[in-house]
Amino acid sequence: LTLTCKINYKNQARLSMLKLDNHLSGRHFLHIPGPSPVPSRILRAISYQTIDHRGPEFGAFGLKVLDGIKKIFKTEQPVIIYSASGTGSWEGALVNVLNPGDKVLFYETGHFANLWRALAKKIGIEVEVVGKAGADTWRWGVDASVIEERLRKDTQHEIKAVCVVHNETSTGMTSNIAAVRKAIDDAKHPALLLVDSVSGLGSADYEHDKWGADVTVSGSQKGLMLPPGIGFNALSPKAIEASKHSKIPKAYLAWDEILESNKTGYWPTTPSTNLMYGLHEAIDMMQTEGLDTIFARHQRLAEACRRAVAAWGLENQCLDPNAYSPVLTAIVVPEGMDADVLRKHALEKFNLSLGTGLGKLKGKIFRIGHLGDCNELSLMAALSGVEMSFSSIGYKPKASGVVAAQEYLK
Ligand code: PLP
């Protein structure tokens, strides 16, 4: 009875939280792999008064943000900022550089690689899927040799682009993008390299120019620590050239008018002014901490999380140590356990949100996000919440993951 009351109370409090007429003590532990928690500095910036997006102040502000975001992508080239989620930015990348019926190679790493491919198909792109031969492609990072082999066979250069996901959020795998670029170059193939770094950017090292990406797609709600609502396309000169010949119908997502307006710090349509305030603040925070320090922090937390998983006696969805994600860890639950039942306990009893299994992994895995505004104690809280939830559903792990993570982090 006590337990039921507790659950009801917490549910009630969580719903009331949205109505802002009740108080839930402590904080919500948002440990899904994005959206990630938004730091109060950013929330405060977002709450500044909206200004005229065509007024004199906005241009200077727009230029500052457009310049700052280039440093996060590590590019000298323009970065398009859309008022869109990652999906809109996926579409932006495809419709600007391709032509109707073009063939595109998609490397399958998980649910998001599949969703991008499905989107491409819907807009009239011919898609071909590749993956690691003889292996479950949802458990291994991108094997660039598979791409090279396929491109070498494409002597007529029918394949116009290669699409890969840098950090596959559904499976917790980060792939080597420089190796994919090398594979395309070694095959002496002119295909464009389109990369999804929606959940990688700002958490896992990413170098748009150095690694030779033609378009990098990203979003605001993961490593950038913003709420959802802004998406990005970082461009290359080759992508901009391709966009001049692309015949796929497009309007809002077309780069040309945006690039023209951006020269003076403006947009052809109304930008998300307040999210841009947040972005400005996020860039400042990230530069203060330093990108390398941020990446090292993510690696350290990810290692602590993996040690907890190993102590529990559970498997990491990612079987490829070279592809372990610094952003999130996807954990395979034992036969007979429903991962969503565990997640439900974590949420209702401990106010902890864990990521669900997506696509064919529904119920089979849960995901712990350790990205963005996350530190040792936030991760430890999430691990404790998982361990207490195991106990609450009657599962006894091999050993304490909390202790294993503490040993590593102390
Ligand atoms: N790509 C990846 C790797 C993602 O993780 C997500 C969302 O989580 C998307 C694309 C789609 O982005 P959105 O949900 O913002 O449209």
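Trainee: How many helices and strands are there in the protein?

Mentor: This is a predicted model, in which local features need pLDDT of at least 70, side-chain atom pairs count only at pLDDT 80 or more, and totals for chains, interfaces and linings use all residues. Residues are numbered from 1 along each chain as its sequence is written, and side-chain values use heavy atoms, with hydrogens and water left out. Helices (H or I, at least four residues) and strands (E, at least two) are DSSP runs, numbered from the N terminus. Counted in this way, the protein has 14 helices and 14 strands.

Trainee: What is the radius of gyration of the protein?

Mentor: The radius is taken over C-alpha atoms, and the globule rule is 2.2 Å times the number of residues to the power 0.38. For 410 residues, a compact globule would have a value near 22 Å. The protein agrees with this, at 22 Å.

Trainee: Is lysine 188 buried or exposed?

Mentor: Lysine 188 sits in the loop between helix H7 (177-186) and strand S8 (192-196). Buried means under 20% relative accessible area, exposed over 50%, and partly exposed in between (1.4 Å probe, protein chains only). Because its relative accessibility is 68%, lysine 188 counts as exposed.

Trainee: Why do the buried residues of H9 line one face of the helix?

Mentor: The buried residues of helix H9 (residues 255-262) are Trp255, Ile258, Leu259, Ser261 and Asn262. Seen down the axis of H9, with directions taken from the helix axis to the C-beta atoms, these residues line one face because they fall within an arc of 165 degrees.

Trainee: Which residues are exposed on the other side of H9?

Mentor: The buried residues of H9 have a cover that includes helix H3 (56-73), strand S2 (79-82) and helix H4 (86-97). On the other side of H9, the exposed residues are Asp256 and Glu257.

Trainee: Which peptide bond to proline 35 is cis?

Mentor: Proline 35 lies in the loop between strand S1 (29-31) and helix H2 (40-46). With omega near -5 degrees, the cis bond is the one from glycine 34 to proline 35.

Trainee: What is the relative accessible area of methionine 225?

Mentor: Methionine 225 is found in the loop between S9 and S10. Its phi is near 65 degrees, a positive value in a residue other than glycine. Methionine 225 is buried, with a relative accessible area of 7%.

Terms used
Contact = heavy atoms within 4.5 Å.
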